[in-house]
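Student: I'd like to learn how to read a few local features off a model. Can we take them one by one?

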Amino acid sequence: SHRGPTSRSSPEVENAFLSMVTTLRGMGCDHLYAAYTRRLDAKPQSLTFESLSMIEDSPAVREARAEAAWRLGLWDDETLDRSDVGNLTEDGVGLHESLYRALSSLQKGRANEASQVMKACACQLVAQLGQLGDEGGKRLEEVSSSLRLCTEVYEVASAGAQSGLTAAVATALDLTSFTSSEKISLVGEDGDQDAYTCMEPVLALHSTMLRCWTDAQSVADRAPLAHVLLQWVAYARRSNNYPMAAARLSELAGLKLSDEDRARAEWQHAQLLWEADVLSLHRDRKRAEAVAAVLLEQCKVSKPQFVHLGVDICSKLAVWKASERSISEKAFNDISKLHSHAVLMCEGLRVENPENTRSHVHHTFANFLEAQYRAILAEKNSPWEQRIEHMYTAMGTLCPSDAQTDSLLGQHDDRADAPRAILLNQLRARERWVKERGERILKLAQSAFDQHAASARRVANDT
């Protein structure tokens, strides 16, 4: 219920509101985030909106409003068009107001003003970096990320001041193209929230500049924006921020894309479906595998630039199938074929250094085979009871053929207990299969590791 005028100065209300809008921003709900911070057509019918009107002069709330505005390219907020921007507090408040002012000035053709604002911000951030030193921790990463935002806008504004809007747009395109070439491995396979937190505002800034300065109806003009959004999806996925990944995929769906970018967007969507199947119902995972299979067939018959995507799909499909921990011969053969096909597709790569990708494929396959071989050794060295359990687990998929089974069943001693003789024969057949499979896996693993070593040596020689 409403607590009355005493809540006007309550820091709890402001903190709760800022926490809410920060969550909305982190989930990719940009328009809702902006609506709350700008109070668009808001009436004090709820505690949230009434509380916002009570703290509208708060620097932190004004900062959130500025960030929402520049992320969406809303340049009509007069409350943010102040003359004292460019001054930052020690905790970074004032940065987004300055970014809004600079980007807004660029949109209105005042590039000199934009460069001056960003230069002032950058100088203050450099001073803060000097005060933090080597022990800055998380704050050091935040200031470094903020400094990157300022310097990039400053570069664009300076180019615009010297040579006009065309030069500013060209500089922005160069910056976004450099970011698109940065390795996604900054956010590891297991996710790195700190790395994503530092990179996400940079991707948002590039998206804003490209939305403002490229033709929405042109596939060629929208290609840089598509590349930034695809990278944003990949970063969000790897840091387990699935709502943000879904939001960026939704934006991609509204763009006119080339065939290659459309395929990459569908592949990102398939990965999101597979990874976000938190209920383990496997329905979304089956859909993801079906989409991946269709894309892989397209990559086999498409242009050379699809080869890299095909390699990625092959490798990821193999990992997905291996995660099911199936011990059937069919599953093993399917996974081996996917890895082998990825290796073959590497021969068609036309990238700056294909050996890196080829080496990664060989290493992934070798690791899979090593895990399979260790499982074989564990079964061979396990107690009698566990071997029986393994056999029954595999029965129906790993047992001998019907003809072999009939032959084995006819060899038992009639004087022995029939069920026991059948079990013994089945165990012998299982042991022979384990031995043969172990030898085959060992041979494949040695070959994969040799190929990986050869690729790694070529990478080292190239560098």
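Student: At what angle do helix α5 and helix α6 pack, and how far apart are their axes?

Tutor: Keep in mind that this is a predicted model. Helix α5 covers residues 95-107 and helix α6 covers residues 111-132. They pack at an angle of about 160°, and their axes are 7 Å apart.

Student: Are α5 and α6 roughly parallel or roughly antiparallel to each other?

Tutor: Check the angle against the cut-off: over 145 degrees counts as roughly antiparallel. The pair packs at about 160°, so α5 and α6 are roughly antiparallel. As for handedness, α5 passes α6 in a left-handed crossing.

Student: Which residues of α5 and α6 meet?

Tutor: From α5, you have Ser98, Leu99, Arg101, Ala102, Ser105 and Leu106. Their counterparts in α6 are Ala111, Glu113, Ala114, Val117, Met118 and Cys121. Sorted by class, that contact has eight nonpolar, two polar and two charged residues.

Student: Now a loop. Where does Leu88 lie, and is Leu88 buried or exposed?

Tutor: For burial, look at relative accessible area, where under 20% means buried. Leu88 has 12%, so Leu88 is buried. Leu88 sits in the loop between α4 (59-72) and α5.

Student: What about backbone angles? What is phi of Asn240 near?

Tutor: Most residues other than glycine have a negative phi. Asn240 has a positive phi, near 65°, and is a residue other than glycine. Asn240 belongs to the loop between α10 (219-238) and α11 (242-253).

Student: Last one, a side-chain pair. With which side chain does the side chain of Asp312 make a polar contact?

Tutor: A polar contact needs N or O atoms within 3.5 Å. The side chain of Asp312 makes one with the side chain of Trp267, at 2.9 Å. Asp312 is part of helix α14 (residues 307-323), and with 32% relative accessibility Asp312 counts as partly exposed. Asp312 and Thr357 are 45 residues apart in sequence, and C-alpha to C-alpha they are 9.0 Å apart in space.

Definitions and conventions. Residues are numbered from 1 along each chain as its sequence is written. This is a predicted model: local features need pLDDT of at least 70, side-chain atom pairs count only at pLDDT 80 or more; totals for chains, interfaces and linings use all residues. Side-chain values use heavy atoms; hydrogens and water are left out. Helices (H or I, at least four residues) and strands (E, at least two) are DSSP runs, numbered from the N terminus. Buried means under 20% relative accessible area, exposed over 50%, partly exposed in between (1.4 Å probe, protein chains only). A polar contact is a pair of N or O atoms within 3.5 Å; within protein, one must be able to donate a hydrogen and the other to accept it, and residues adjacent in sequence count only if both atoms are side-chain atoms. Axes are lines fitted to C-alpha atoms, for helices over the stretch in contact, and angles run from 0 to 180 degrees between N-to-C directions. Angles under 35 degrees count as roughly parallel, over 145 as roughly antiparallel, 65 to 115 as roughly perpendicular and the rest as oblique. A crossing is left-handed if the near helix is turned anticlockwise from the far one by less than a right angle, and right-handed if clockwise. Contact means heavy atoms within 4.5 Å. Ala, Val, Leu, Ile, Met, Phe, Trp, Tyr, Cys and Pro count as nonpolar, Asp, Glu, Lys and Arg as charged, and the others, Gly among them, as polar.
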